[in-house]
Amino acid sequence: MIKVAIVGFGGIAQAAHMPGYVELEKEGKAKLVAVCDVDPTRFDAKLEINLASATDTLPDTVKRYTDWQEMLDNEEIDMVDLCVPTFLHADLTVALLERGVNVLCEKPMSLSSTDCRRMCEAAKNSGKQLMIGQCIRFCDHYTYLKEAVADGRFGKVKGGIFRRLSTPPVWGWENWFMDYDRSHGCVLDLHIHDVDFAQYAFGLPMTVSCTTADITSGRDIAHSTLHYNDFALTVIGDWSQEGLPFTAEYRIAFEKATVDYSNDKVTVYPRGGEAFSPELDNTSFYVKEIRYFVDSLETGAENTKNKPESAAASVGLIEALCTSADNDGQPVTI
Ligand SMILES: NC(=O)c1ccc[n+]([C@@H]2O[C@H](COP(=O)([O-])OP(=O)(O)OC[C@H]3O[C@@H](n4cnc5c(N)ncnc54)[C@H](O)[C@@H]3O)[C@@H](O)[C@H]2O)c1
């Protein structure tokens, strides 16, 4: 069993990661031994975020710390699941790898490509494993699309749209999501899910362009275009939609069909044929993501799905989108 500590016991740790370890302990794969948070009131909170709410409080058997170094001095830990705010990802990941633990770090990898390189270097030098929580790579509704692109079952891609819309994330510690210097706004935090998935499924675009709008956090709305050789993808991220439910969708046109994901369901609309919905596994993609990393630690299998260098490339794409946005949406070559 891999012994795990969560560092940063806020929204995503409570709503998605802790339930993941309940499941993985049942499977005999991983055990949550300790959690660390600078704010001890978080240990007994049940936070609600845009996607879900915590369903359970932290069991008494899990040790609680407010200092991660003290935690590692006292506990035997194989892996830290790092769920702190984004501006802390790089320094903490590097320090944890240097301390000799494997790290699963939440997305986005960090605020800059320079920091991402530092994290990749630290992983190489330490000999420990680092994976970034680009969770959409583990969502069957999206991997169905990746497989359709790869095997050409519907012909060539002709174009498409990805959308991710949310109420503003105001549950964060010290309201860090709304502080551009700490989060880089929606364009990095929320938009990276679809930009990362696009580069995972379709490869790196040739050029990108983007327009962003400020409401509270500097870049709360991002409208991007990823230009490929013979098609383009429109990607929309918007966390300004106060009062509205969270939605994530895509609609991709192929030569022979359109593939739609909306209302938690994938539907294929063949040109001139009957629409159908493939049977897909609806279980939590956070569990699948954590299971994948834990299995790679247990078996030594290479992480081929989600290398840190690939997550770093997505941060690089977001930087290019911001450069475009700062230049009236002019295309930026990748
Ligand atoms: N994969 C997803 O779908 C998803 C969804 C939401 C958030 N996230 C990402 O997860 C990360 C955390 O987001 P969140 O919503 O949980 O934020 P949050 O503010 O709710 O939680 C962060 C926690 O870290 C704690 N913290 C701050 N500094 C610390 C330190 N030095 N040591 C230990 N704890 C510390 C805070 O007290 C807080 O409880 C962010 O990078 C965010 O982008 C990912």
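Ile318 sits in helix 10; helices (H or I, at least four residues) and strands (E, at least two) are DSSP runs, numbered from the N terminus. Everything here comes from a predicted model, where local features need pLDDT of at least 70, side-chain atom pairs count only at pLDDT 80 or more, and totals for chains, interfaces and linings use all residues. Residues are numbered from 1 along each chain as its sequence is written.

**View 1. Ile318 and what it touches.** Ile318 counts as buried because it has 27 C-beta neighbours inside 10 Å. The cut-offs: buried takes 20 or more other C-beta atoms within 10 Å of a residue's own, exposed takes 12 or fewer, and partly exposed is in between, with C-beta atoms placed from the backbone. Skipping its neighbours within four places in sequence, Ile318 is in contact with Val187, Leu188, His191, Ile192 and Val195. Contact means that the C-beta atoms of two residues, placed from the backbone, lie within 7 Å. Look for Ser113 too: 205 residues separate it from Ile318 in sequence, but the C-alpha to C-alpha distance is 9.7 Å.

**View 2. The largest nonpolar core.** Here are the 99 residues of the largest nonpolar core, where Ala5, Val7, Val80, Val103, Val259, Ile318 and Leu321 have the most contacts. Helix 10 (residues 308–326) puts in the largest share, nine residues. Domain 1 (2–133) and domain 2 (137–286 + 314–333) each supply at least three residues to this core. A nonpolar core, by the way, is a set of buried Ala, Val, Leu, Ile, Met, Phe, Trp, Tyr and Cys residues joined through C-beta atoms within 7 Å. In soluble globular proteins, nonpolar side chains tend to be buried together.

**View 3. Val7 and Cys83, partners in contact.** Leaving out residues up to four places away in sequence, Val7 touches Cys36, Trp68, Val80, Leu82, Cys83, Val84 and Leu92. Cys83 belongs to the loop between strand 4 and helix 3. With 24 other C-beta atoms within 10 Å, Cys83 is buried. Beyond four places in sequence, the contacts of Cys83 are Ile6, Val7, Gly8, Gly10, Ile12, Ala13, His17 and Glu106.

**View 4. Around the ligand.** Of the 28 residues around the ligand, which come nearest? They are Gly8, Gly10, Gly11, Glu106 and Trp173; near means a C-beta atom, placed from the backbone, within 6 Å of the molecule or strand in question. Helix 1 (residues 11–26) gives the most to this shell, three residues. Sorted by class, the shell has 16 nonpolar, six polar and six charged residues. For these classes, Ala, Val, Leu, Ile, Met, Phe, Trp, Tyr, Cys and Pro are nonpolar, Asp, Glu, Lys and Arg are charged, and the others, Gly among them, are polar. Both domain 1 and domain 2 give residues to the shell, so the ligand lies between them.

View 5. The C-alpha centres of domain 1 and domain 2 are 26 Å apart; the bounds come from an automatic or database domain assignment. Their contact takes 21 residues from domain 1 and 19 residues from domain 2. On the domain 1 side, helix 1 and helix 4 (113–126) are the elements that give two or more residues. Helix 1 gives the most there, with four residues. By class, this side of domain 1 has ten nonpolar, eight polar and three charged residues.

**View 6. Helix 3 and its buried face.** Which residues of helix 3 (residues 89–98) are buried? His89, Ala90, Thr93, Val94, Leu96 and Leu97 are. Down the helix axis these fall within an arc of 165 degrees, so they line one face of helix 3; the arc is that of the directions from the axis to the C-beta atoms. Their cover includes strand 4 (79–82), strand 5 (102–106), helix 4 and strand 6 (130–133). Just after helix 3, Gly100 has a positive phi of about 95 degrees.

View 7. The Lys107 to Pro108 peptide bond is cis, with omega near -15 degrees, and Pro108 is in the loop between strand 5 and helix 4. Asn263 is exposed, with 8 other C-beta atoms within 10 Å. Asp264 is in the loop between strand 12 and strand 13, and its phi is positive too, near 65 degrees.
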